[in-house]
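This report walks through a protein model from its overall fold to single residues. Please keep the sequence and the coordinates at hand while reading.

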Amino acid sequence: MIHYAFLQKKSATIRLILQTLTILFLFCLLTFQTKAQQKTLARLEIEVDPLAYILNGYSLHAGTTYGSFRSSVGIFAIEQPAFFVNNDAFSVYSSGFDLKTDYLFGKINGWHSGLQLTYGKENVELKATQEEEELWGLSIGIRGGYRFMFGKTENQSRGFYINPWVALIYSPNPATITNGDQQYHQSSFSPFPAVHVGWRF
């Protein structure tokens, strides 16, 4: 039988709530400020991560640019590569949804950095017995990348684009699963690289 334990100390719960509220506050503040100072029209962007489909998952994200900022919401799933799992006895399938806000440094194309908030699930399976356990959690992260826009500048870069980026994800309440003499530990900090391809309308 698989046993697991979440860290449930009151201080950890309060810290998680404060972190979540901080992210939401920043998201709302940035949106409010830039709406008053928009230099370009808001544009819709749709993108996917091809690597997610290669790794037996899916990816779909919708975003909008406004002024020097971009916000997006998306869903994802991925079978984590073996080198990302800290115990070869387990396989892990991650899924969830996220919110992101990035600063575009004054340009639609080029460098960007920002914050993301993710609520996700890990299906952790012990390979030998195929026993599974679900771990749910909220995480926050800082991110950065570069947008290669192939549309014409005079047309507000509408069209195809590629956006490689990497995030450092922090999970406030990592869990541990124990099965016999095998253990799977969630990491407090984990890198997450991706290459999104999309279309700007």
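How many cavities of 30 Å³ or more does a search of the whole structure find? The search finds 1 such cavity, and it should be read with the reminder that the model is predicted.

## The enclosed cavity

The largest cavity has a volume of about 40 Å³, and its lining consists of Glu47, His61, Arg70, Ser72, Lys100, Arg143, Asn163, Trp165 and His196. Strand S4 (69-79) and strand S8 (159-170) are the elements that give two or more residues to this lining. By residue class, the lining of the largest cavity divides into 1 nonpolar, 4 polar and 4 charged residues.

## Overall fold

The protein chain holds 2 helices and 11 strands, and from the N terminus on its elements follow the order β-α-β-α-β-β-β-β-β-β-β-β-β. The chain has 201 residues, of which 43% count as buried.

Eight of the strands form a closed barrel, in the order S2-S3-S4-S5-S6-S7-S8-S11, with antiparallel pairing. On average, and with direction ignored, neighbouring strands of this sheet are turned by 25 degrees against each other. In general, the strands of a sheet pair through backbone hydrogen bonds, either parallel or antiparallel.

## Pairing around strand S2

On the S3 side, leucine 44 stands opposite threonine 64, while on the S11 side glutamate 47 stands opposite glycine 198.

The two faces of S2 can be told apart by their cover, with Arg43, Glu45 and Glu47 on the covered face and Leu44, Ile46 and Val48 on the uncovered one. Glu47, a member of the covered face, is also one of the residues that line the largest cavity.

The largest nonpolar core is made up of 10 residues, namely Val85, Ala89, Phe90, Val92, Val124, Leu126, Leu135, Ala175, Ile177 and Tyr184. Strand S5 (90-103) and strand S6 (110-126) each supply at least two residues of this core. Leucine 126, found in strand S6, counts as buried because its relative accessibility of 6% falls under the 20% cut-off. The C-alpha atoms of leucine 126 and aspartate 88 are 9.2 Å apart in space, although the two residues are 38 residues apart in sequence.

## The hairpin of S9 and S10

Strand S9 (residues 176-179) and strand S10 (residues 182-185) run antiparallel and are joined by 4 bridges. They form a hairpin with 2 residues between them, and glycine 180 in the turn has a positive phi of about 60 degrees. Isoleucine 177 stands opposite tyrosine 184 in S10, and both residues belong to the largest nonpolar core.

## The largest pocket

The largest pocket has a volume of about 1,000 Å³. It is lined by 49 residues, and those closest to its centre are Gln80, Ser94, Glu122, Ile169 and Ser190. Strand S11 (residues 189-200) provides the largest share of this lining, with 6 residues. The lining of the largest pocket divides into 26 nonpolar, 18 polar and 5 charged residues.

## Two glutamines with positive phi

Glutamine 130 has a phi near 60 degrees, a positive value in a residue other than glycine, and lies in the loop between S6 and strand S7 (131-149). Is this glutamine 130 buried or exposed? Glutamine 130 counts as exposed, because its relative accessibility is 61% and the cut-off for exposure is over 50%.

Glutamine 156, which is not a glycine either, has a positive phi of about 55 degrees, and its place is in the loop between S7 and S8. With a relative accessibility of 23%, glutamine 156 counts as partly exposed.

Note on methods
Residues are numbered from 1 along each chain as its sequence is written. This is a predicted model: local features need pLDDT of at least 70, side-chain atom pairs count only at pLDDT 80 or more; totals for chains, interfaces and linings use all residues. Side-chain values use heavy atoms; hydrogens and water are left out. A nonpolar core is a set of buried Ala, Val, Leu, Ile, Met, Phe, Trp, Tyr and Cys residues joined through side-chain atoms within 4.5 Å. Buried means under 20% relative accessible area, exposed over 50%, partly exposed in between (1.4 Å probe, protein chains only). Two strands pair if DSSP finds at least two bridges between them. Axes are lines fitted to C-alpha atoms, for helices over the stretch in contact, and angles run from 0 to 180 degrees between N-to-C directions. On a 1 Å grid over the protein atoms alone, a cavity is a set of points where a 1.4 Å probe fits but cannot get out, and a pocket is an open set with protein on both sides within 12 Å along at least five of seven lines; lining residues have an atom within 4 Å of a point. Grid points are joined across faces, edges and corners, and a volume is the space filled by probe spheres set on the points. Ala, Val, Leu, Ile, Met, Phe, Trp, Tyr, Cys and Pro count as nonpolar, Asp, Glu, Lys and Arg as charged, and the others, Gly among them, as polar.
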